[in-house]
Amino acid sequence: MHAQAALRVTPLCVASNARGWMLRGVVRPRVSFAPVRRLGSSSFAGHRTINSKIFFRGTGLRAGSISAQRWNPPSMTVRRELSLSPVAVVAPSPAKTGADSELVKELGFEEVQEQFVDEYKSTATLYRHKKTGAEIMSVVNDDENKVFGIVFRTPPTDSTGIPHILEHSVLCGSRKYPLKEPFVELLKGSLQTFLNAFTYPDRTCYPVASTNLQDFYNLVDVYLDAVFYPRCVNDIHTFQQEGWHYELNDPAEDITFKGVVFNEMKGVYSQPDNVLGRVSQQASFPDNTYGVDSGGDPTVIPDLTFEQFKEFHSKFYHPSNARVWFYGDDDPNQRLRIISAYLDEFDNNAAAKESEVKVQPLFKEPKRVVEKYAVGDGAENARKHMVAINWVLSDTVLDPETELALGFLDHLMLGTPGSPLRKALMESGLGESIIGGGIEDELRQPQFSIGLKGVAEEDIPKVEELVFSTLKRLSEEGFSADAVEASMNTIEFSLRENNTGSFPRGLSLMLRSMGKWLYGLDPFEPLRFAKPLEHFKQRLQSEGVKGVFSPLIQNYIIDNPHRVTVELHPDAEKGKIDEMQEAERLAKVKASMTQEDLAELTRATEELRLKQETPDPPEALKAVPSLALSDIPKKSATVPIEVGSLKGSTVLRHDLFTNDVLYAEVAFDMRAVRPDLLPLVPLFCQSLLEMGTADLDFVQLSQLIGRKTGGISVYPSTSAVRGRTEPSSHIFIKGKAMAGQTADLFDLMRKVLQDVRFNDQGRFKQFVLQSKSRMEGRVSGGGHSVAAARLDGKLNTAGWISEQMGGLSYLEYLRDLEKRVDEDWPSVAESLNEIRNELLSRKGTIVNLTADERTLTNAESHVAAFLDAMPETGGNIVNWDRRLPLVNEGLVIPTQVNYVGKAGNIYDAGYKLDGSAYVIQKVIGTTWLWDRVRVVGGAYGGFCDFDSHSGVFTYLSYRDPNLVKTLDNYDATVQFLRQLEVHNDALTKAIIGTIGDVDSYQLPDAKGYSSMMRYIMGITDEERQQRREEILSTSVKDFHAFADALESVKEKGVIVAVASADDIAAANKERPGLLEVRKVL
């Protein structure tokens, strides 16, 4: 997970997998070394997949996108003057005011400062609680998606993972809510739009969000009681469950380690990118809290004692160490009443002083660190080294203008495929993909990190030389006027649009503010960008591009001695050594025990398991506040849609307020593409945005897009359609721009589709290597998504297509394609052109537009010109009716944890869709699978997914220490449903929670996109209303009946497990012939 800097579009900062299941976990800064995903390339994240439970579940594979850029007139004259005019965005209505001044005093607060933040039309007031010193930021505006968060500084002194384990544990029952997991009860029965918790290297955050006022207040109260009065500090079983414990089922067996965080971090430490990030952070900050792992090192976690755990909570989870955030359209007076009821129960203490994050003194000379990471056997390991160069930029607080300038510098150097540092590294041929996040400024001191993975050992010095020579060149030569203008438009568009996707806007602002507030700095500063931006533009005009950026490069990077070069070397023996060392450690523990000790450990293991499996009593469950069914709207919300035709294509119009931004999607029917060309489609999409035309190289094209639009992306999307044998499959080109630049947007979309030439063999080879590296990272870090794709590919055509473009089959294709590009490039280029020729056509094309009526009307002529440029017809639709072989598979990778999947098609077994299925799925996931796979089994996650379009029901686990046991738990779901007795309160919660999922909060662009996908899928408002009524009328009988459908998954379902060779071998030994073994990494 990656916490983004203030200048970046903030993605989800929670641990979540490809299908969006919620998992609490560790947030790391971008220095955690996932492949670079820049501001522009994430600008459309989260909008391709509509609510999976009822509307759409396409793969939404994203192949490429170019961030906001500008375009010149058709003459393509390259401009040399900087044009830094502001991006115009229509402002919403003025905000409300803060709390009543008399009430503020009466409740024991003092107003520290109040500001009207014009950028977000919000009144922000900072209060201080006199008795405890707690600080509260109250942001009042007209946003219905209300946000609350409480944040504690929690700097660890070792790598036992104590902040992370505590983050998990405090949500397992509290003073007012004395049940096992109120967090899960809220997941079951809330209309929440965000509900999670996460641990940074120096802080722990507990945020919630909801559009329903009473639901919001319920969430806030549960979270406040949880952090201040958790039961876990008096209950060692919670510590054992969420942290770690010895497990022994029989004195004759071996002792094992179990614990949710323990297994989560085993998964984290199995991912090379995460290993590199950990090593880089700790080597860069050896003298402060960042020199240890707040998430926990699996080899150190078992050193943590329950007493240390309790002491950490007592020390840091105190109002004196708290920052509290409220945001939205709720009553600011009520906010203070709610929080004061908790704060008044405490006195001031020294927590705020003790939790201060010390500054890391800057090094006098650079350092180098060499570490190893586990890989499988293979000759390809020779080119699997990783190298990253890391700088800590300052040991003093930077002024806002310098921070802003560094953000622009970061985007100029790395923000787009054509950015010079990124381009130099990728075109060098020295590695497969870029690692390091560039500039990260969310922790105490800003950092800069860059490097390559997939490097030969002898080329490591060449990577370092290339980084320094490129930085030196940029310092001496500066950046072009077009590049600066494109970056300016990109960043300003993003800041003003404030489009955070499904992530609550208020939470995005909270995380920005915390980057200053947490360290005793101005919490308002990150919320304001207009004046610093204007000053920065003036400085660029007066000092020139080189005058602004060259000193930054020279002083903060090139001449900065606080530099750590980290080499990570592949080691085929490391995984075995790690497992052997853990086994030896546990053997010593057992050898030190008497027979009485072993008997006691066996008893304690059973005691913990019994407690985990015992349901909460009804009276405890009633303690958790919940809405009533009468609070739930009976009618489904609708999105305005006007369906028309233009030039033989379908045009969908959605009249919604969008702040003068036009959002546009054009969907081309992909079914004319030959099956053997499908794996090439993601690279085709990337090539459209990262290769040049006859007039422009790809750098110039990228800059044109940046100077004229808010971003363009191209990607495939596929889904089954209920009642139809053939799937829905399209390639989308998606873009956004200010209303006044609509002509530029459609001209550029046309140019991308028609004028880009597939003639750059070297660049295409880079795309292949990047994609291969990304897929290998996905297999090692997200094996559950690989298993899910594999299962879908065995059970329906849409799944097979998606797996060809984003699953194991795609990875295997890329490995072959790497050789083919070298040996037969003309045939590859010919295939790319064939895809374009078969794809582009007015016939069957859908244009989707979301904006206000005036903007929509003005766009019509530009849409017509775009369609006029397209051929009238394309290729003929071909037969895609294929599946992967229906065999159980064990996919072998070097890992310490497993990802276990099982699936079947319940439509094939005779099940007829009813809205109750969505409620039942939610109950299975938040009760049976949560309890058996996660709580008892120790996996980080256990969940299920019902694709109502294809009929495929899937079980999956995430970072799971088990394999066969997990499969047994999946199969036992049938018996669970048949014996289930659901009390009215529990059923009501499940129904409300399901409606909350269905009615998920969306910004206007997402509403327009969702409406388009429903149109494509043939889902009418009448059907949506029918499903809603079925959800609301769900009964216990529906649960019992659904068991019959899942019986077919139990008896005939197919299995895919992504796991270690030893665990797959053990599963086959226990159940001979269970899995067909296949080595992947």
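**A close look at helix α33**

Mentor: Let's take helix α33, residues 1004-1017: its 14 residues reach 20 Å from first C-alpha to last, close to the 20 Å expected at 1.5 Å a residue. That expected span is 1.5 Å times one less than the number of residues, and helices here are DSSP runs of H or I with at least four residues, strands being E runs of at least two, both numbered from the N terminus. Bear in mind that this is a predicted model, where local features need pLDDT of at least 70, side-chain atom pairs count only at pLDDT 80 or more, and totals for chains, interfaces and linings use all residues. Residues are numbered from 1 along each chain as its sequence is written, and side-chain values use heavy atoms, with hydrogens and water left out.

Now, the surroundings. 11 of the 14 residues of α33 are buried, so the helix is largely enclosed by the rest of the structure; buried means under 20% relative accessible area, with a 1.4 Å probe and protein chains only. Among them are Y1009, M1012, M1013, I1016 and M1017, but also D1005 and R1014. An α-helix has 3.6 residues a turn, so residues three or four places apart point the same way.

What does the covering? Strands β23 (649-655), β24 (661-669), β25 (711-719), β26 (728-738) and β27 (846-851) are included, along with helix α34 (1021-1032); contact here means heavy atoms within 4.5 Å.

Definitions and conventions
Buried < 20%, exposed > 50% of the residue type's maximum accessible area, 1.4 Å probe, protein only.
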